[in-house]
Each structure stands twice: as structure tokens, then as C-alpha cells.
Amino acid sequence: MTKTAQERLNDIFERMAKDYKKLSAKEQQFAIKEFARVRGDLSDLLSDFAGKDGTIKRQRINRLLRELDEIETALRRYGMDAMNHAIDASAAFATDRINKAFERVVGRPAISGSMTRLNRDVALYVTKRFGYDGLVLSDRVWRLAGDQRDDIAKVLRSDILQGESTSKMIADVRKVQDNETWKIKRLVITEGNTAYRVATSYNAQRSKLVKALELHPGAKRSPACSDLSNEDRYGLGRGIFLPDDPDIYNPHPQCTSYLTYVLDGSDYED
């Protein structure tokens, strides 16, 4: 039996969601590497404070720790670069794949306007939105950078008091950052997937071919996701929402749910 345009599009969106997981994994690794770049900055700083034997005198601890302000600033910069990269990549992935899907199934793209402008609007929304924690993205990155700075300071203080070499200090900083990678991954998953869903929604809002959106909970679901997927808000069916419903953009932190389109059959021929 030949599939309808709706069924074919559903299949494509399901594959898109699986492919996006691969992109998200790459962005998580990119972010981890960006945060790790601070080790080079820290290595230079420690070299400036170290003596010929490769250790740092106890009397210089407080001054060194004050210099960590520059390390925290670098962590913020690297972190924001990584998050902006993840958001831009997620938005571009969604917009590009959605419009190719419509060209394949319907014979024309989902939107006729500028995809670049749409993706910029997505990035602006994601970076400026307030989450459940009452923070915007830059606040979350600053908090993460501050946490790392505090942990690095504890390691350096301990190592200096024990007379450890600067090479040992860098190795211990690596351990600290390795233990913190889950926080970086969580942030990338949350913000990247939000950008993916927002881009899906913005494309729908600017398309004459889309009637509504259907929410499909991901593997990491919460009561919020389950409740939304079972809600029949408009009498269109469970889990079906209008394209401008903001509560489907990010049902909960680390949400991996995805959206599919409910087509408006009056605007194309099946």
C-alpha cells in the first residue's frame, strides 16, 4: 500500500530525530574539548609561578588563586563558544532537513522565507530564554565555569601545600574536568535539543503546509513529557499542539523529545 504524504513525512522526521542524536553527541564532545582548552592557559600561568624545581612556593598560593579570575573568564568564553556552536548547528540541521523533506514529499520547501533569518531567530530565543532555574544560557555557562574554577582552586591549593610539581597539578586539573563532563553534556543536550525543537516549531509557524505539531517523548522522559504527550489540548488528538505553543520547546532539562508535523491537507496534493 502506498503511504500518504503524512506517513512519509512522519518516517522522515523519525529518522531525523535519530540522526540528530549523532549530531548532539558530536557537539557534546566538542564542548568538552572547548572547556579543556583552559589547561593550556593554566599551564602557562603555573609556569610563571613555578621555581626552577617545577614547584610553587606556599607563599605564592593566594596570589596564584587570585590569578584564576583569568582562567574563569577563559572558561566562560570557551563555554559560550561551544554552546553557540551547538545551538547554531542544531537549528541549521533541523531547518535544512525539514525543507529537504518537504521538497521530497510535497514538492516544495516548508517555508519560502530566509532560512538564515529563521535560524538566527532560533539562536536568539534559545540564548535569551529563562529556564526552570530562572537563568539564561550565559548564566548557566558562568555557573559551570565558576564551579570548575572553585574545584581547580582546591586542587592547586592542595598540590602546592604538598609540594607537587606543576605537571602533577595539570594532571589533577584534568581529573577534575573529567569528573565534570556530565555537567557539560547535560547543558549541551538541554540547549541543543531545545534549539532543534524550536527550529522545528519556527519552520512550522512560517509554513502554510503545517497545521499542528505532535510531541514524541524521548528516551529521557519525565512526567512533564508524558503529560504533554497524553494531553489533548485542542481536540486534535493526544500530544498534538499548535506550532506556537512554547511549553513544547523544552518540557524539562535534558529533554530529548522530538516533534513531527501534522499537515494541512488543503495546501498540497497528497
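Which residues line the largest cavity? Before selecting them, please note that this is a predicted model, in which local features need pLDDT of at least 70 and side-chain atom pairs count only at pLDDT 80 or more, while totals for chains, interfaces and linings use all residues. Residues are numbered from 1 along each chain as its sequence is written, and side-chain values use heavy atoms, with hydrogens and water left out.

**Stop 1: the largest cavity**

Select A17, Y20, K21, N193, Y196, T256, S257 and Y258, which line the largest cavity. A cavity is a set of points, on a 1 Å grid over the protein atoms alone, where a 1.4 Å probe fits but cannot get out; lining residues have an atom within 4 Å of a point. The space inside the largest cavity is about 50 Å³, where a volume is the space filled by probe spheres set on grid points joined across faces, edges and corners. The count is 1 cavity of 30 Å³ or more.

Now colour the helices and strands. Both are DSSP runs numbered from the N terminus: helices are H or I with at least four residues, and strands are E with at least two. Helices α1 and α7 each supply at least two residues of the cavity lining. The largest share, 3 residues, comes from α1.

**Stop 2**

Is N193 buried or exposed? Its relative accessibility is 5%, so N193 counts as buried. Buried means under 20% relative accessible area, exposed means over 50%, and partly exposed lies in between (1.4 Å probe, protein chains only). Apart from its neighbours within four places in sequence, N193 is in contact with Y20, S24, V188, C255 and T256. Contact means heavy atoms within 4.5 Å.

**Stop 3: two cysteines**

A disulfide is a covalent bond between the sulfur atoms of two cysteines. How many disulfides does a search of the whole structure find? The search finds 0 disulfides, a disulfide being a pair of cysteine sulfur atoms within 2.5 Å. C225 is in no disulfide, and the nearest cysteine sulfur, that of C255, is 3.5 Å away. This distance of 3.5 Å is too far for a bond. C225 is buried, with a relative accessible area of 0%, and C255 is likewise buried at 0%.

**Stop 4: the sheet**

Select the strands next. In what order do the 3 strands of the open sheet stand? The order is β2-β1-β3, with antiparallel pairing. Strands β2 (240-241) and β3 (258-263) stand at the edges with a single partner strand each, so one side of each is left without a neighbour in the sheet. Two strands pair if DSSP finds at least two bridges between them.

Strand β1 (residues 210-216) pairs with β3 over 6 bridges. Within this pairing, L215 has L259 as its bridge partner, and H216 has Y258. Y258 is also one of the residues lining the largest cavity.

Now display helix α7 (residues 181-205), which lies across β1 and β3 and runs at about 15 degrees to β3. Axes are lines fitted to C-alpha atoms, for helices over the stretch in contact, and angles run from 0 to 180 degrees between N-to-C directions.

**Stop 5: the largest pocket**

Select D133, R140, R143, R186 and L187. Of the 16 residues that line the largest pocket, these are the closest to its centre. A pocket is an open set of grid points with protein on both sides within 12 Å along at least five of seven lines. The volume of the largest pocket is about 360 Å³. Helices α5 (137-161) and α7 each supply at least two lining residues, and the largest share, 6 residues, comes from α7.

**Stop 6: A31**

Finally, select A31 in helix α1 (residues 5-36). At 0% relative accessibility, A31 counts as buried. Leaving aside its neighbours within four places in sequence, A31 is in contact with A82, I184 and V188.
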